[in-house]
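Here are my notes on the model you sent over. Have it open while you go through the points.

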Amino acid sequence: MQQTPIAVPRNDYRDAMARLGAAVNIITTDGPGGRAGFTASAVCSVTDDPPTLLVCLNRNASVYPAFQANGVLCVNVLAAGQQALSALFGGKTPMDERFAACRWGALVTGAPVLDGAAVSFDCRVVRSTAVGTHDVLFCEAVAIRSGDTAHGLVYFDRRYHDLLAA
Ligand SMILES: NC(=O)C1=CN([C@@H]2O[C@H](COP(=O)(O)OP(=O)(O)OC[C@H]3O[C@@H](n4cnc5c(N)ncnc54)[C@H](O)[C@@H]3O)[C@@H](O)[C@H]2O)C=CC1
Ligand SMILES: Cc1cc2nc3c(=O)[nH]c(=O)nc-3n(C[C@H](O)[C@H](O)[C@H](O)COP(=O)(O)O)c2cc1C
């Protein structure tokens, strides 16, 4: 017998996702579309050959056109103590104000690399697929910079938690 699928209400889904702990990342880009950056928890590793991550970006975000035009990005994984940057890049703040809050470098693509990040993946976007409200960006790493800190940051239950190494 066929079962009728029951849709999960959006808020129930969000409440459930709030219990899936995730790293917090500042995703940056620069190029012909201009400099831009946003906070993302929807980031994960796809394959190590070729080294590929995915990043989910809402097509309604103000930063979307810049990421589309540039085709490059840097995934900056936040370290313990950097949660203020997550709020700053999490929406509404003018772009210059977001970037003025900390120091930046560059590796290969020119996408901004955050000083003090736990690790940064400099990437070219090699493919993208639209799913619902978001684009899933497949990003091939062309350079990596590891930070000095052993202390990470996790977003869980709508709050930030420092991960302090023993
Ligand atoms: N993947 C995304 O686009 C995410 C967007 N956000 C944005 O930040 C705001 C604050 O987030 P929270 O304090 O965690 O409260 P929330 O209740 O809005 O979200 C709870 C969880 O649901 C998921 N989620 C939220 N919005 C989503 C979206 N549009 N698409 C897919 N998954 C989504 C995330 O895992 C998030 O941590 C959200 O309202 C949303 O606008 C936050 C986390 C992920
Ligand atoms: C903790 C946190 C995680 C987020 N994760 C994502 C994400 O994975 N993908 C996404 O498109 N937006 C995510 N957002 C929302 C974007 O950061 C926000 O929409 C972005 O800064 C664009 O905002 P703007 O349109 O005001 O520029 C997240 C926000 C927060 C605070």
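1. Thr129 has Val136 in β10 as its bridge partner; strands here are DSSP runs (E, at least two residues), numbered from the N terminus. Strand β10 (residues 134-146) runs antiparallel to β9, with twelve bridges between them, and two strands are said to pair if DSSP finds at least two bridges between them. In this β9-β10 hairpin two residues lie between the strands, and Gly132 has a positive phi near 60°.

2. Some housekeeping before going on. This is a predicted model, in which local features need pLDDT of at least 70 and side-chain atom pairs count only at pLDDT 80 or more, while totals for chains, interfaces and linings use all residues. Residues are numbered from 1 along each chain as its sequence is written, chains are lettered from A and ligands numbered from 1 in the order in which they are written, and side-chain values use heavy atoms, with hydrogens and water left out.

3. β9 has another partner to look at. Strand β9 (residues 119-131) is joined by six bridges to β6 (residues 72-77), again antiparallel.

4. Which residues are around ligand 1? They are Arg14, Met17, Ala18, Ser41, Ala42, His134, Tyr155 and Arg158, where near means that a heavy atom of the residue lies within 4 Å. By class that gives four nonpolar, two polar and two charged residues. In this scheme Ala, Val, Leu, Ile, Met, Phe, Trp, Tyr, Cys and Pro are nonpolar, Asp, Glu, Lys and Arg are charged, and the others, Gly among them, are polar.

5. Now the polar contacts of ligand 1 (pairs of N or O atoms within 3.5 Å). Polar side-chain atoms of Arg14 and Tyr155 each lie 2.7 Å from an oxygen atom of ligand 1, and an N or O atom in the side chain of Arg158 is 2.8 Å from one. On its own ligand 1 has 640 Å² of accessible area, and the protein covers 59% of that (Shrake-Rupley method, 1.4 Å probe).

6. What about ligand 2? Its shell has 19 residues, of which Thr39, Cys56, Ser62, Phe89 and Lys92 come nearest. They split into nine nonpolar, eight polar and two charged. Strands β3 (36-40) and β5 (51-58) each give at least two residues to this shell.

7. For ligand 2, a polar side-chain atom of Ser62 is 2.4 Å from a ligand oxygen. A backbone N or O atom of Ala42 lies 2.9 Å from an oxygen atom of ligand 2, and so does an N or O atom in the side chain of Arg98. The protein covers 79% of the 640 Å² that ligand 2 has as accessible area on its own.

How values were computed. Polar contact = N/O pair within 3.5 Å; in protein donor to acceptor, adjacent residues only side chain to side chain. Helix = DSSP H or I, 4+ residues; strand = E, 2+ residues; numbered from the N terminus.
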